[in-house]
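Here are my notes on this one, as numbered points. Have the model open while you read.

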Amino acid sequence: MIHHQKRKSPVNVCLPPHKSRKPEKPKGQRHSEEHEEISSEDITIAIFCALAYEAVAVKYALDEEYSCRLKGIGPRKYVYSFGRIAKHIVVIARPHQMGTVEAAHCATAVSQQFPNVRLALMVGIGAGIPSPKYDIRLGDLAISIPQDGHPGVIQYDFVKYEKDGIVLKGCLNKPPPILISADGSLQEDEIMERRPLERVLRKITSLPKFARPETDDILFDENFHHINKGSDCGGCNASSEKKVVMRFPRSDYQPIIHRGLILSGNGVIKDPQDRDGLQRGTKDAICFEMEAAGIMDEIPCLIVRGICDYADTHKQDSWHYYAAAVAAAYCKVLLRKVDHQEVEEATSIKDATQNTIDNMDRRMLLETLHPVKEASFDSYIDGDVGECIQGTRTELLIEVAEWGNSPSRECIFWLNGMAGTGKSTISRTVAASFRRASILGASFFFRRGAGNQGNAKRLFPTIAWQLASSVPSLASGIKQTVENIPDILAKSIEEQFNKLLLQPLNNLEQPNQQKKCFVIIIDALDECEEEKDIGTILQLLPKAKESKSISLQFFLTSRPELPTIFGFRGLQKRDHHDLILHEIPEPLITRDISLFLGYRLSKIREKRSLSRDWPGEHRLQSLVTIAIPLFIFAATVCRFLEDLRWSPEERLDEFLSDPAIQSASQMDRTYLPILNQLLTGRDKTESSKLKEEFHEIIGVIVLLARPLPINALTVFINRKESTVKTRVESFRSVLNVPEDPNVSVTTLHLSFRDFLTEMHGKIASHCFRIMNSRLQHNICSLSSYGTQRTEIDDQIINYHLSADLRYSCRYWVYHVQQKCCQESI
């Protein structure tokens, strides 16, 4: 509050001042013909007023008035005035009618006419809500400062009627932090008994119309209603039946500032029962008003209201002008506290509005494009798979960085290498680096056997969705495509590329701006499940060079398999730069694998409190020699040794003594020693059982067309959950086993899938068993056979169709086909 109160014996009125001051003409006002003309682009702050006298009060608070010639943008059906407060150039905007809808239209017009407006204030009168917490009087101030979890303004039109009373539901945006901070500075002035508001108010109220009225400030009891409709409260005050609320008198008549929740809506609250009913739902409410709800969702805004009545049946018209003057005075002292440079650097309302529209477009795209979120480079589903250890792959990463920062270079950088050479880890490192440099457009990590993550038809919708976040201005163009072609997900890959990427890029306008550059990461292209799609994708990517607004480059990784090799042969040499990972000089690979193993083993040594010389130089070099050139070997061995249920020392000794590490096959050297550990110390019967469980559980996990969580897997293969959990836990070095039983178990690397024996026939039989026992007519108990899928709640589907049943229905054909392919081979 601006002034501390002194309590005296209670009385029923607040007396007016004994003398009125001699009117003074406010300084800084010039005749309209003398007003300096400014550009609409000079204006950075908007002040909204609903009524003419509210706008006039603010004009009297200006340090200087200006004129402005508006451009032919947006509607001109609103009243504008222009001026300066401190160093801020402001527009005072007034709609022709009151209410939230008209206020919203006015706010939209302001954002169009004045593109550099950064923030706004809504300044005028409001109805006070007296309460034990807030001793609100006529002429006081109500400011929409967020407190105790509320946003400063709530729309009282949005209410829910419950047994215990009315519950408010509609919350609006918070005021600008700049203005909240400035109000905090004014609070400090109040504590120090400085009175900047009093000095400014004195100038405005020197004009007779805005002077404090010489009528009593009486708060009538809620059960005593106004007597003579259309007249003031003189008759009420003289009535022998009047009932008033007893209040302590104040020591002076300076306005007190109340900070809290303002209730906004289209209706005028003129009944104390309605007032108290709405106030019960929000104990911090201090004021009712009619425009803030329309403004605040359009423009970041602080609401400033001078109290002119108590939202009851009594008529207090004589207080309106003075209340408007108090609000205008606060507006001026507040803006004096706001740093001009800080406002200049804030986001303009036009940009903020566009950002809001872009966010809405992206939310719509998320619902319609169904992007594969797991395909992003930083997806949680990938568990502990990370980036390159510092100091490794340095030459390669420098080469990729130079290419990515050179838009004139080849459109595609193709990193190819055989299984296990570390391509995906490099891709994640490159993606993270490019994101830090703000040039990562999107990423898609293919994964065969992971449902839509291996489906080429989800590639460009996912990239388009991610690109709309990296380049927000693209969102509206992509949204237009989706609206024009609702079934875009069912179209060919070529049409998806042209309509979701190329067309929005070509339609994007970037006036007077340097062409922006972004890199898109596509990892493991060879894991795309349809081989013919690989060549199609490669043929489409160079077309991105046609874009005039944004430069797109593509970082691709894959194994050197025929579909990819043939696809690149169909491109112009100038369109791609190739690097063969397994042909990097062996000394560099040896250095990098040695650094990797040294780092990971040191972490195991620290975590398990092993001796300082573990594992020893000889063992370390043995592992490096066996691993070359496969990083997957080094990573798998480290995960194998990290298992907390086993001694790292014993496991390493057993691993190095296993004859399988001498195998000519690199995959055998990687995986056989780990699988052999399962049988160590087991008799013939136990070994036979473990082998059966391995094929039944691990084999199924590896070959599923789409991963399943443990709880669904146990039903699918008809095994006890404890058995499945125990067996899966034994293979954390090759499987990603989430702690959450509802999250799918996946292989850490495709090479493990390739290594194992195929079991598609067994999985197909599981599918048939599940479908035979669980499928039934109208399984979701729908009321109509014509019900569309979009009309069915996901919870209903999940309840009636469990994950194992959904998997069986979708993928039984896939496993039958795979079994037939194996038999033909």
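1. Let's start with a charged pair: the side chains of Arg69 and Glu37 meet in a salt bridge at 3.8 Å, N to O (the cut-off: a side-chain nitrogen of Lys or Arg within 4 Å of a carboxyl oxygen of Asp or Glu). Arg69 lies in the loop between β3 (64-68) and β4 (79-85) and Glu37 in strand β1 (residues 36-38), so the bridge ties together parts that are 32 residues apart in sequence. Arg69 is exposed at 62% relative accessible area, while Glu37 is partly exposed at 47%. For those labels, buried means under 20% relative accessible area, exposed means over 50%, and partly exposed is in between, with a 1.4 Å probe and protein chains only.

2. A word on ground rules. This is a predicted model, in which local features need pLDDT of at least 70 and side-chain atom pairs count only at pLDDT 80 or more, whereas totals for chains, interfaces and linings use all residues. Residues are numbered from 1 along each chain as its sequence is written, and side-chain values use heavy atoms, with hydrogens and water left out.

3. Arg305 and Glu289 form one through their side chains at 2.5 Å, N to O. This pair links distant parts of the chain, with Arg305 in strand β13 (residues 301-309) and Glu289 in strand β12 (residues 285-289), 16 residues apart. Are these two partners buried or exposed? Arg305 counts as buried at 0% relative accessibility, and Glu289 is buried too, at 5%.

4. Lys573 and Asp578 make another salt bridge, their closest N and O atoms being 3.9 Å apart. Lys573 is exposed, with 59% relative accessible area, and Asp578 is partly exposed with 29%. Elsewhere, salt bridges that share partners join Arg195, Glu198, Arg202 and Asp252 into one network.

5. On to the rings. A pair of aromatic rings is described by the distance of the centres and the angle of the planes. A search of the whole structure finds 17 aromatic pairs; rings of Phe, Tyr and Trp (its six-membered ring) pair if their centres lie within 6.5 Å, and planes under 30 degrees apart count as stacked, over 60 as edge-to-face and the rest as tilted. Tyr53 and Tyr321 form a stacked pair, 4.5 Å centre to centre with 20 degrees between the planes. That pair links distant parts of the chain: Tyr53 is in helix α1 (residues 52-61) and Tyr321 in helix α8 (residues 320-336), 268 residues apart. Tyr53 is buried at 15% relative accessible area, and Tyr321 is partly exposed at 30%.

6. Which kind of pair do Phe210 and Tyr321 form? A tilted one, at 5.3 Å centre to centre and 55 degrees between the planes. Phe210 is in the loop between α4 (196-204) and α5 (234-238), 111 residues from Tyr321 in helix α8. Phe210 counts as buried at 3% relative accessibility. Ring pairs link Tyr53, Tyr60, Phe210 and Tyr321 into a cluster.

7. Pro560 is partly exposed, with 33% relative accessible area. Leaving out residues up to four places away in sequence, Pro560 touches Asn416, Gly417, Met418, Ile565 and His582 (contact means heavy atoms within 4.5 Å). Pro560 and Asp526 are 34 residues apart in sequence and 8.2 Å apart in space, C-alpha to C-alpha.

8. Finally, the chain as a whole. There are 29 helices and 20 strands, and buried residues make up 53% of the 825 residues. Among contacts between residues at least 6 apart in sequence, 79% join residues at least 24 apart. The chain exposes about 38,700 Å², with carbon and sulfur atoms supplying 49% of it; accessible areas come from the Shrake-Rupley method with a 1.4 Å probe, and for residues only the protein chains shown count as cover.

Conventions. Helix = DSSP H or I, 4+ residues; strand = E, 2+ residues; numbered from the N terminus.
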